[in-house]
Amino acid sequence: MATLQDFKTAEKSWWCPGCGDFGVLAAMQKALVAVGAEPSTTAIVAGIGCSGKLGNYINSYNIHVTHGRTLPAAMGMKLANRDLLVLAAGGDGDAYAIGMGHFMHALRRNVNVTYIVMDNHVYGLTKGQTSPTSESGFKTKTTPKGSIDRPVHPLMLAVSAGATFVAQGFSSWQPQLARLIQQGIEHPGFSLINVISPCVTYNKVNTYDWYKKSLTNLEEDPSYNPHSRTEALARLDATDELVCGLIYKEESVPYEDQVPGFREEPLVHQNWNVDSETWNQILANFD
Amino acid sequence: MIAWKIGGEQGEGIDSTGDVLATVANRMGYFVYGYKHFSSRIKGGHTTYKVRIANRRVEAAIEKTDILVALNQDTIDKHSHEVNGGLILADSAFKPVLPEHIRATLIPLPLTEIAKSHGSVVMRNMVSVGASAALLNLPAEPFLSYIESKFGRKGPEIVKANQDALMDGFNRVKDEYGQVSQLTLENPVPGDRLVITGNDAIALGAIAGGCRIMCGYPITPATDIMESLIKWFPLVGGTVVQMEDELGSMSACIGAGYAGARSMTATSGPGFSLMQEGLGLAMMAEIPVVVVDTQRSGPSTGMPTKQEQSDLLSMIIGGHGDGARVVLTPSTLEESFEDGHEAFNIADALQTPVIIATDLSLALWSQSIDRADLNGPAVQIDRGPILSGEDLQKLGEEVFLRYQITETGVSPRTLPGSLGGQYLATGVEHQVNGKVSEDPTNRVKMMEKRLQKLEGIHAMRQGVKWEGPEDADLVLLGIGATVGAMREAKDALAAEGHRVAISWLRTLSPFPVEHFQNAFKKAKKVLLVEQNATSQVGLLMRAAGVYDDNRISTTLKYDGVQFFPSEIIDAARPLLETYAEVTQ
């Protein structure tokens, strides 16, 4: 059994002291240990931005892709080798700006991949510009008079786009966040965990203290039913998505279990030579 | 050799009529070449399907038509000039009128009415085929057994109705116009041949070469590759994913390639532009992936259903930064099949993207091919240098370095799942261990490593092909579908006594400089034949040091219509004459 130490690397972090991403990294490592994962069978796809550096700090197979394209790459990996535990991670810009097109379609495609979005409502690595999740009126270098755009609501989008598992965590609330990631990994299908991961350098509005005051914990509300799409949407709307915990989950059969003729044995381990009988069957189309 | 053509509105069964004729003629031992004129719309709009039938290989379009089947007056108005002294079979339903200046025999037949009498207007295709068979002086029997074999599943009633419709068309021509057609085909050449397109050939190559993941976005003229693989993959356990766009298609293939599967995407110009982003990542992180660019007229949306070869430079140097990619160019069905599987071995061997540069005419038009030339089970799969879990154990204390500097530039990789082989693959510049670095010395070392890998390609395949006398007076040079037209032009000029050769590139990038220089050293005159406006191959030749303007002429075509052999002959003739004058 792998330990927490097994998932760590010797790499020194590039993140600012106090960055929320440290908490996300720690929770991911804890979740991997909790599900009994091994570094050699874990594959992580990271995007561009501060969050994208994550791959440097987790000992596993890692691919650091182009901006916004984590989800297609994660899908490709999972279909190539379905024995792998595949995680994707990126920031709010990666997920909800440049990667929004892939986000919507990954949700409805439902390949068994866990997606962790490190959401800080601001662009950090490019040194402080507005993000799709920035609140209206949010002042940055690209919105000096305050953002005119209205923010996206990724959780409501996800629930309505056909997601089978949607949760939100907070990087400071470690045990819950690790548990949510673990549940996401164990969910047989696509799981989204949006994580509030404050930027201590460029977001002076949505701070740790602000979140601690604003967030409500769904786990403390026994009346909340995460298996109802209607209830999930209503709660997200009423709280402006400022909730933590499991938001929505439904019964799910992942994409790869539904592809006609797709095999249990991972593609990468199969014999790829085509036998004569199969070949003649294919050529019969052209006779 | 006979050229038959049918014309009408798109969506009226034009394709199925041409397909039946081509398939049956092929079964009878003839060689066929079938090509279309179509537009980017579902129904309506003028469309034609032409089939050339011969007792030798045909792989080019020509202007002349021997038999024109017209389902509307528009077809007669637009195409009767091609029928010089030939036959025009027209549906009497539209009261066909032959323009005065046209010398052709009009054969009005109630095609629609006959079809209806057998149950449905849909069967007009069979009536047309039957009537055409009679005009071609072909027996009806092979057509009847074709219907039996293709429609058998649909039940005996359907088979009989279609056969009756076909025979009705056949007999009406025999009875009413018995002696009108003097057309006769040469004796067929029996053989085991299939009718496929270049897209089919690439898809077949891919499946034989171990491709099991195809992620794509539909686009003319590449979509067939995706659709064929969707049909066949369940037989071999693969999957096609229809992605949300080409950015996603490319990224998904990269993910699969990183994990060790053989993945491909197929697109055309507009999609290829989006894929440049992913190509950069695959080059930088050294991930094998295969991309097919079935070129069409550009830029932008251009002419989606028209032929062009204008993405060449984009395939070689498109995108930002200096990168190591391989571009292969097939020019026949056999080469399309070969590249379809070879691309995967090359991608795995060099750990970099491999692009197959094909074009609309080569990709879409159907031709006869020997079954023996499509030997899927014989294809060798070589997955390139991979360290298994066991290999890693043997390293002992030695640390696995994914991007280790080697003699060839290629470093053995590990696949996710192998114990101890974990590494970071990133689009950021990195060190031999995969960790990111902006160190100047490291940067130079890694850039050179990636570029050096490409040198391995020329030992793996012949970069330049040559057909005809080595000391020809004129060499026709081209790529893709143009080569078929060049070959027919060469044969026609050779029949007149000229010494003409043809040559075509098999690897476009890295350019086979040495081989190319040697091949063209002795060439007296060269005619470069390109289907683009800026002579992109010419630019590559110049870069390779072959740019003697006294010897090399260029003919370019960018009207969207593929080259006719006659156009190449017209461009070649003055060059042959000049040469004759000089030597006299």
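In this predicted model, the C-alpha centres of domain 1 and domain 3 of chain B lie 60 Å apart. These two belong to a division of chain B into four parts: domain 1 covers residues 2–177, domain 2 covers 196–378, domain 3 covers 389–456 and domain 4 covers 462–583.

**A helix pair in chain B**

Helix α5 of chain B spans residues 141–151, and helix α6 of chain B spans residues 156–177. Their axes are 9 Å apart and meet at an angle of about 155°. Angles over 145 degrees count as roughly antiparallel, and α5(B) and α6(B) are therefore roughly antiparallel to each other. The crossing of α5(B) and α6(B) is right-handed. On the side of α5(B), the contact is made by B:Phe143, B:Leu144, B:Ile147, B:Glu148 and B:Phe151. On the side of α6(B), B:Ile158, B:Val159, B:Asn162, B:Gln163, B:Leu166 and B:Met167 take part. Sorted by kind, the residues of this contact comprise 8 nonpolar, 2 polar and 1 charged.

The size of an interface is often given as the accessible area lost when the parts come together. Between chain A and chain B, the buried area is about 5,100 Å², and carbon and sulfur atoms give 63% of that area. Chain A brings 54 residues to the contact, and chain B brings 68 residues. Within chain A, the residues that lose the most area to chain B are A:Tyr61, A:Trp272 and A:Phe286. Together they make up 17% of what the chain A side buries.

**Backbone details in loops of chain B**

| Residues joined | Omega |
|---|---|
| B:Thr220 and B:Pro221 | about 0° |
| B:Ser509 and B:Pro510 | about -5° |

B:Pro221 sits in the loop that runs between strand β8 (211–216) and helix α8 (223–236) of chain B. B:Pro510 belongs to the loop between β19 (507–509) and α18 (513–521) of chain B.

Another backbone detail concerns B:Lys95, a residue other than glycine whose phi has a positive value, near 50°. B:Lys95 is part of the loop between β5 (87–91) and β6 (105–109) of chain B.

Conventions:
Residues numbered from 1 in each chain as written. Chains lettered and ligands numbered in written order. Predicted model: local features only at pLDDT ≥ 70, side-chain atom pairs only at ≥ 80, totals over all residues. Heavy atoms only, no water. Domains from an automatic or database assignment. Axes fitted to C-alpha atoms, helices over the stretch in contact; angles between N-to-C directions. Helix = DSSP H or I, 4+ residues; strand = E, 2+ residues; numbered from the N terminus. Parallel < 35°, antiparallel > 145°, perpendicular 65-115°, else oblique. Left-handed = near helix turned anticlockwise from the far one by under 90°. Contact = heavy atoms within 4.5 Å. Nonpolar A, V, L, I, M, F, W, Y, C, P; charged D, E, K, R; others polar. Buried area = accessible area lost by both parts, 1.4 Å probe.
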